[in-house]
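Let's take a walk through a protein together, one stop at a time. Have a look at the sequence and the structure before reading on.

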Amino acid sequence: MLLGQKRTLVTGGAGFIGSNLCRRLLAEGHEILCVDNFFTGMRKNITHLLDNPRFELLRHDVTFPLFVEIDEIYNLACPASPIHYQHDPVQTTKTSVMGAINMLGLAKRLRIKILQASTSEVYGDPSVHPQPEEYWGHVNPIGFRSCYDEGKRCAETLFFDYYRQSRVKIKVARIFNTYGPNMRPDDGRVVSNFIVQALRNEPVTLYGDGSQSRSFCFIDDLVDGLVRLMNSPDDVIGPINIGNPDEFTIKELAERVIGLTGSRSPIILKPLPSDDPRQRQPDITLARKALGWNPTIGLEEGLKKTIAYFEELLRSPPDLAHS
């Protein structure tokens with residue numbers, strides 16, 4: 001490692017957001033230690049980085065302690081789509097909570113900064129719209145989504161208690177719906193679902209009547225927000241919403257995807273899953289003020305890039321598309 005070069009730990013580094021973050025940090029000259037247990041992370045997301053001498057991959061589960069020497073930590077490890085986090089809900093909660101404890105302990109020992117990738121799910125099914133950071137949320141603590149929602153809420157608690165009790169330098173980002181290259185085709189998220197179904201000319205599945213709304217942030221904008229937060233002054237700790245405030249109904253999203261792919265897919269309706277929020281839109285006033293951050297990539301531009309990624313992915317052999 002060169003003098004002055006940051007050695008950065010990215011947990012969940014082979015996942016959708018983590019792999020894009022690793023690529024960005026490498027481009028900025030960081031030395032990267034990418035940690036992933038490959039429960040949802042894909043090797044193909046980081047294969048092109050393995051030849052870089054500043055990139056190191058470690059297979060590890062963050063529910064177990066990790067003893068390494070680094071300069072900063074991005075803690076992204078946790079399955080983030082309902083299909084995956086509901087597969088083993090106990091392990092999901094352990095990943096959020098024990099992972100936070102282990103990474104905070106490492107940051108405390110090394111006296112370094114640590115950024116927590118929290119989520120808009122801490123707001124639950126919100127009664128305030130759009131959602132500012134001051135809103136405490138409306139979350140079901142015993143539902144099917146609770147392993148993720150409450151695990152992330154507990155992780156935030158741990159971060160702020162380590163900050164108050166041990167003066168650990170923390171940063172907490174609340175990430176809203178994000179999409180783009182390196183998403184899994186089978187992750188069950190709405191953007192990847194719609195694109196894969198449309199490219200295969202299969203029925204595009206809407207849950208509910210499609211009137212529920214979401215705000216979609218392209219991955220490059222999201223990564224830029226995380227990097228800006230990590231590099232911000234120590235007194236900027238968050239939580240800070242990172243997301244695109246442009247709001248669309250799920251039906252509008254489906255129609256756009258079908259149009260951009262030139263698909264023949266019909267739209268079909270299915271029952272809405274339990275605890276699925278009706279609205280989700282970030283108030284990014286704080287991100288604009290504290291980080292000078294604002295998303296720059298609109299939905300149509302981002303969808304075109306994401307569709308191109310999935311077109312190439314679906315041409316790959318099935319084992320490679322999911323590995």
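A salt bridge here is a side-chain nitrogen of Lys or Arg within 4 Å of a carboxyl oxygen of Asp or Glu. By this rule, the count comes to 18 salt bridges. Keep in mind that you are looking at a predicted model.

The side chains of Arg280 and Glu121 meet in a salt bridge, with 3.4 Å from N to O. Arg280 lies in the loop between E13 and helix H8 (285-291), and Glu121 in the loop between E5 and H4, so the pair ties together parts that are 159 residues apart in sequence. Are these two buried or exposed? Arg280 is buried, with a relative accessible area of 1%, and Glu121 counts as buried as well, at 12%.

An α-helix has 3.6 residues a turn, so residues three or four places apart point the same way. In helix H4, Glu150 and Arg153 are three residues apart, about one turn of the helix, and the closest N and O atoms of their salt bridge are 3.1 Å apart. Glu150 is partly exposed at 24% relative accessible area, and Arg153 is partly exposed at 27%. In helix H9, Glu301 and Lys305 are four residues apart, again about one helical turn. Their salt bridge has its closest N and O atoms 3.6 Å apart. Glu301 counts as partly exposed at 40% relative accessibility, and Lys305 is partly exposed at 37%. Salt bridges that share partners also join Arg24, Glu28, Asp224 and Arg228 into one network.

Next, find strand E2, residues 31-36. Six of its six residues are buried, so E2 is largely enclosed by the rest of the structure. In a regular strand the side chains alternate between the two faces of the sheet. Both faces of E2 are covered: Glu31, Leu33 and Val35 are buried on one side, and Ile32, Cys34 and Asp36 on the other. What are the partners of this strand? Strand E1 (residues 7-11) runs parallel to E2 and is joined to it by five bridges, with Val10 opposite Cys34. To get from E1 to E2, the chain crosses through helix H1 (residues 16-27), and this β-α-β crossover is right-handed. Strand E3 (residues 55-59) also runs parallel to E2, joined by five bridges, and here Val35 stands opposite Leu58.

Now move along to helix H7, residues 250-261. Its 12 residues reach 17 Å from the first C-alpha to the last, close to the 16 Å expected. The buried residues of H7 are Ile250, Leu253, Ala254, Val257, Ile258 and Thr261. Seen down the helix axis, they fall within an arc of 130°, so they line one face of H7. They pack against several elements, including H5, E8 and helix H9 (299-314). Just after H7, Gly262 takes a positive phi of about 65°.

Let's finish with some details of the backbone. Arg167 is not a glycine, yet it has a positive phi of about 60°; this residue lies in the loop between H4 and strand E6 (169-175). Asn201 has a positive phi near 55°, in the loop between helix H5 (190-199) and strand E8 (204-207). Arg167 is exposed, at 55% relative accessible area, whereas Asn201 is partly exposed, at 30%. Finally, a cis peptide bond joins His129 and Pro130, and the bond from Gly238 to Pro239 is cis too.

Technical notes:
Residues numbered from 1 in each chain as written. Predicted model: local features only at pLDDT ≥ 70, side-chain atom pairs only at ≥ 80, totals over all residues. Heavy atoms only, no water. Helix = DSSP H or I, 4+ residues; strand = E, 2+ residues; numbered from the N terminus. Buried < 20%, exposed > 50% of the residue type's maximum accessible area, 1.4 Å probe, protein only. Expected span 1.5 Å × (residues − 1). Arc of directions from axis to C-beta. Contact = heavy atoms within 4.5 Å. Pairing = 2+ DSSP bridges. Right-handed = clockwise from strand over helix to strand, strands pointing away.
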